[in-house]
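Hi,

Here is the model I promised to pass on. Have a look at it first, and then read my notes below.

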Amino acid sequence: MTAQSTLTPEQAPPRGQPAVTRLLRKLAESPEAGVIVACVLVFAIIAANAPTYTSVGNLQVMGRDLAQVGILAVGESVVILTGGIDLSVGALAGLAGILTAWFNVNQGLPAPVAILLTLLICAGVGVWHGTMVTRLNVPPFVITLVTYTIAQGMALAITTGTPINGIDPLFSNLSQYYIGRVPVPALFFLGAVVIAWFALERTYVGRQIYAVGGNREAARLAGIPIARRVTSAYVSSAVLAGVVGVLVIGRMNVADPSVGSGWELTAIAAAVVGGVSLFGGEGRMVGIAAGAILLEFIANGLLALHVNTYYQTVVQGAVLGAAILLDRLRARLFGRIRR
């Protein structure tokens with residue numbers, strides 16, 4: 001007695017096609033293939049031309065920088081998957097660092113309590129965003145831009161433009177310690193990616209978030225609690241921005257009110273390069289992580305190659321455009337144009 005195959009004719013692999021060819025085709029059809037290949041090529045090209053690029057010290061620097069961009073990108077991506085956008089993550093990260101230091105230094109609260117209070121405030125900001133978007137139909141662009149402006153102003157108002165010094169050594173321990181040779185912030189990024197991957201791709205709630213972003217009306221008719229799912233996405237984004245703010249003041253050993261400006265654009269770029277559709281409902285965590293890694297490879301590589309500062313932004317834009325073009329060509333080739 002032999003077991004019968006349950007594959008339909010469309011699912012069964014073509015007869016006579018070598019296993020290696022089938023594996024390569026399967027990898028090429030993956031939505032994340034383009035950005036992963038770009039990561040490998042960019043790293044190899046820069047490493048071949050800049051001897052210091054692959055040194056342990058430089059890789060550790062990239063790990064810390066990656067935590068900053070990558071964690072923000074993870075939170076931003078969850079919001080984009082619901083069809084929204086969060087322009088406040090950079091300014092909120094900067095304000096979170098200021099609030100944490102202010103609670104710790106000016107109010108004398110222990111560092112863990114200061115961190116917990118800051119993250120609760122960030123969660124409240126996420127609830128505010130979700131409520132305004134779902135209950136009053138305020139466009140996400142508008143409400144998060146308002147928060148962006150307020151957060152920047154509050155950071156300056158609290159500090160009167162002067163950095164806060166004398167923060168608890170716990171902050172520097174979080175940002176400057178290593179496990180083995182891996183900097184702790186890089187592990188924070190890895191943890192955020194794994195948790196987000198599990199929540200989005202292995203839970204019922206995660207599938208509902210994709211459904212809300214893919215077709216909101218269909219999700220409503222299916223009985224999905226749209227308001228709660230959208231609000232949870234904004235809360236996740238705001239809390240992760242708070243985590244970045246805490247890590248940054250530990251790395252700098254000071255809370256600077258000028259920190260965070262422009263980081264939201266980098267987070268959005270990492271998400272889009274990683275395959276997240278700005279229309280919502282599409283994108284996977286593997287691609288988002290790869291997008292953040294690609295941006296860090298390029299940014300650090302330009303410094304290692306001593307590229308003139310004036311041309312670094314031009315090169316970054318050109319490489320990112322090429323990555324997006326390759327991804328679109330791959331999607332068209334395999335008949336999987338997502339939008």
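What follows is a run through what turned up, from the overall picture down to single residues.

This is a predicted model, so local features need pLDDT of at least 70 and side-chain atom pairs count only at pLDDT 80 or more, while totals for chains, interfaces and linings use all residues. Residues are numbered from 1 along each chain as its sequence is written, and side-chain values use heavy atoms, with hydrogens and water left out.

**Overall**

The protein has 14 helices and two strands; these are DSSP runs numbered from the N terminus, with helices being H or I of at least four residues and strands E of at least two. Of its 339 residues, 47% count as buried. Buried here means under 20% relative accessible area, exposed means over 50%, and partly exposed is in between (1.4 Å probe, protein chains only). Among contacts (heavy atoms within 4.5 Å) between residues at least 6 apart in sequence, 74% join residues at least 24 apart.

**Helix 11 and what comes after**

Helix 11 covers residues 226–252, and its 27 residues should span 39 Å at 1.5 Å a residue. The expected span is 1.5 Å times one less than the number of residues. The end C-alpha atoms of helix 11 are 40 Å apart, in agreement with that. Of the 27 residues, 20 are buried, so helix 11 is largely enclosed by the rest of the structure.

Just after helix 11 comes Asn-253, with a positive phi of about 60 degrees although it is not a glycine. Most residues other than glycine have a negative phi. Asn-253 sits in the loop between helix 11 and helix 12 (263–273) and is partly exposed, at 41% relative accessible area.

Helix 5 has 25 residues and reaches 36 Å from its first C-alpha to its last, close to the 36 Å expected. Helix 5 is followed by Asn-137, whose phi is positive too, near 55 degrees. Asn-137 belongs to the loop between helix 5 and helix 6 (140–159), and at 62% relative accessibility it counts as exposed.

Helix 5 (residues 111–135) also packs against helix 7 (residues 169–176), at an angle of about 70 degrees and with the axes 9 Å apart. Axes are lines fitted to C-alpha atoms, for helices over the stretch in contact, and angles run from 0 to 180 degrees between N-to-C directions. Helix 5 and helix 7 are therefore roughly perpendicular, a label that covers 65 to 115 degrees (under 35 is roughly parallel, over 145 roughly antiparallel, the rest oblique). At this crossing, Ala-111, Pro-112 and Ile-115 of helix 5 meet Leu-170, Phe-171 and Leu-174 of helix 7.

**Charges**

How many salt bridges does a search of the whole structure find? Two, where a salt bridge is a side-chain nitrogen of Lys or Arg within 4 Å of a carboxyl oxygen of Asp or Glu.

One pairs Asp-65 with Arg-251, with the closest N and O atoms 2.6 Å apart. This pair links distant parts of the chain, Asp-65 in helix 3 and Arg-251 in helix 11, 186 residues apart. Arg-251 is partly exposed, at 32%.

The other joins the side chains of Glu-217 and Arg-220 (2.6 Å, N to O). Being three residues apart in helix 10 (residues 216–221), these two are separated by about one helical turn. Glu-217 is partly exposed at 42%, as is Arg-220 at 47%.

Arg-64, in helix 3 (residues 56–81), is worth a look. Arg-64 is buried yet has no salt bridge, and the nearest side chain of opposite charge, Asp-65, is 7.6 Å away. (Lys and Arg count as positive, Asp and Glu as negative; His and the chain ends are not counted.) Not counting residues up to four places away in sequence, Arg-64 touches Ser-175, Gln-176, Tyr-178, Pro-183, Pro-185 and Arg-251.

**One more spot**

Ala-91 lies in helix 4 (residues 89–106) and is buried, at 4% relative accessibility. The C-alpha atoms of Ala-91 and Gly-260 are separated by 5.1 Å, although the two residues are 169 apart along the chain. Beyond its neighbours within four places in sequence, Ala-91 is in contact with Tyr-148, Ala-151, Gln-152, Gly-260 and Glu-264.

Cheers
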